[in-house]
Amino acid sequence: MEQVIQYVARTSILHRLDPRTKIIGLSFLLIGFTQIHEWIQLVFSAFVVGLLYHFAQIPFSYALHSIRPLLLILLLTLLYHSMFSGITYLAGFLMGLHYVLKLLMMILSGVLLTATTKPLELALGLETMLRPLEKWRIPVGQWALMIVLALRFFPLIIEEWERIRLSQQARGITIKRFRQRLYSPVQQVIPLLLALITRAERLSIAIEARGFRQGFNRTHFRLLAFQKKDGYCILFPIFVSIIVLLL
C-alpha cells in the first residue's frame, strides 16, 4: 500500500519539541523560502531541509515517497515555464526548475511537520495559539477538530481507494485498453464517495454522543508548556530566514 503523509515515531529532538514551536518555526521557514530568487539561496535552503530531516531521524526517501501525488503538478509547472517563461527553451527550463525546487523545499518542510507531530498535538497547538480569537466568537475549537479530522481522513481515503481497487480486481475486472485506463478512476470514485459519506456519518454520531459542543471548556490530557529547548530551537528558523534574505 502506498505510503501517505503521517506521523513517524522517533525520539529525535524535533519530535520532543512543543507543537507550537514547530508551527512557528515552519512559518518562518516558509517566509524565508518565498524570498528565494537565486540559486545560492536554493542550495542553502536544500541544505537546511536535509539537515532538519537528519535531526528528525526521518529518511529523506520517506519524504520523497510521500509527495508522489504532487509530482504531476510539479512536472506541469516545469513544462509550463519551459515553454512560456523564457526567451529560449533552456532559459525557461532553468526558470521552471528553480520554481519547482522552491516549491519542493516548502512541501518537504510541511511534510516534516506532520511526520514529527501527532495530529492531536498539532491540533492542540493550533487551538492554543488561536484561543485569543474566541473573544470575537470565532469557533477555534471546531477549527482545531476540523484539522484533526482532515489529517486523519487523508490516509483513510488512500486506504479506501486501495481496498476498492483490490476488490474490483478480485471480481475479475481487468484494465488492459488505454480507454479503460482513462475511465477506471471514474468507476472507483462513486463507491469511494459512498464509503466516505458512511464514515463521516458514523463520525458525526460519535462526536455528538461524546457531547462535543462549541462554547464548553474542554480539558486535555496533555497540557502544552514551552521549555528552554523550544526557545533555542525557534531561533534556528529565524536565523535561516535572515541568511536566505541576505544571500
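Helices (H or I, at least four residues) and strands (E, at least two) are DSSP runs, numbered from the N terminus. The model is predicted: local features need pLDDT of at least 70, side-chain atom pairs count only at pLDDT 80 or more, and totals for chains, interfaces and linings use all residues. Residues are numbered from 1 along each chain as its sequence is written, and side-chain values use heavy atoms, with hydrogens and water left out.

**Exercise 1.** State which secondary structure pattern the chain follows.

Solution. Step one is the count: the chain has 10 helices and 0 strands. Step two is the order: along the sequence the pattern reads α-α-α-α-α-α-α-α-α-α.

**Exercise 2.** Find what share of the chain is buried and what share of its contacts links residues 24 or more positions apart.

Solution. Buried means under 20% relative accessible area, exposed over 50%, partly exposed in between (1.4 Å probe, protein chains only). Of 247 residues, 33% are buried. A contact means heavy atoms within 4.5 Å. Among contacts with a separation of 6 or more, 80% are between residues 24 or more positions apart.

**Exercise 3.** Describe how helix α2 packs with helix α6.

Solution. Axes are lines fitted to C-alpha atoms, for helices over the stretch in contact, and angles run from 0 to 180 degrees between N-to-C directions. Helix α2 covers residues 19-34 and helix α6 residues 89-116; their axes lie 10 Å apart at an angle of about 175°. Therefore α2 is roughly antiparallel to α6 (under 35 degrees is roughly parallel, over 145 roughly antiparallel, 65 to 115 roughly perpendicular, the rest oblique). Residues making the contact include Ile23, Leu26 and Phe33 of α2, and Met105, Met106 and Leu113 of α6.

**Exercise 4.** Identify the partners in the salt bridge and decide whether each is buried or exposed.

Solution. A salt bridge is a side-chain nitrogen of Lys or Arg within 4 Å of a carboxyl oxygen of Asp or Glu. The count by this rule is 1. The partners are Asp18 and Arg20, at 3.0 Å from N to O. Asp18 is buried because its relative accessibility is 4%. Arg20, at 10%, is also buried.

**Exercise 5.** Locate Ser45 and list what it is in contact with beyond four places in sequence.

Solution. Ser45 sits in helix α3, residues 39-55. Its relative accessible area is 0%, so Ser45 is buried. The Ser45 side chain reaches the backbone oxygen of Gln41 at 2.8 Å. Leaving aside neighbours within four places in sequence, Ser45 is in contact with Phe33, Ile36, Met105 and Val244.

Terms used:
Polar contact = N/O pair within 3.5 Å; in protein donor to acceptor, adjacent residues only side chain to side chain.
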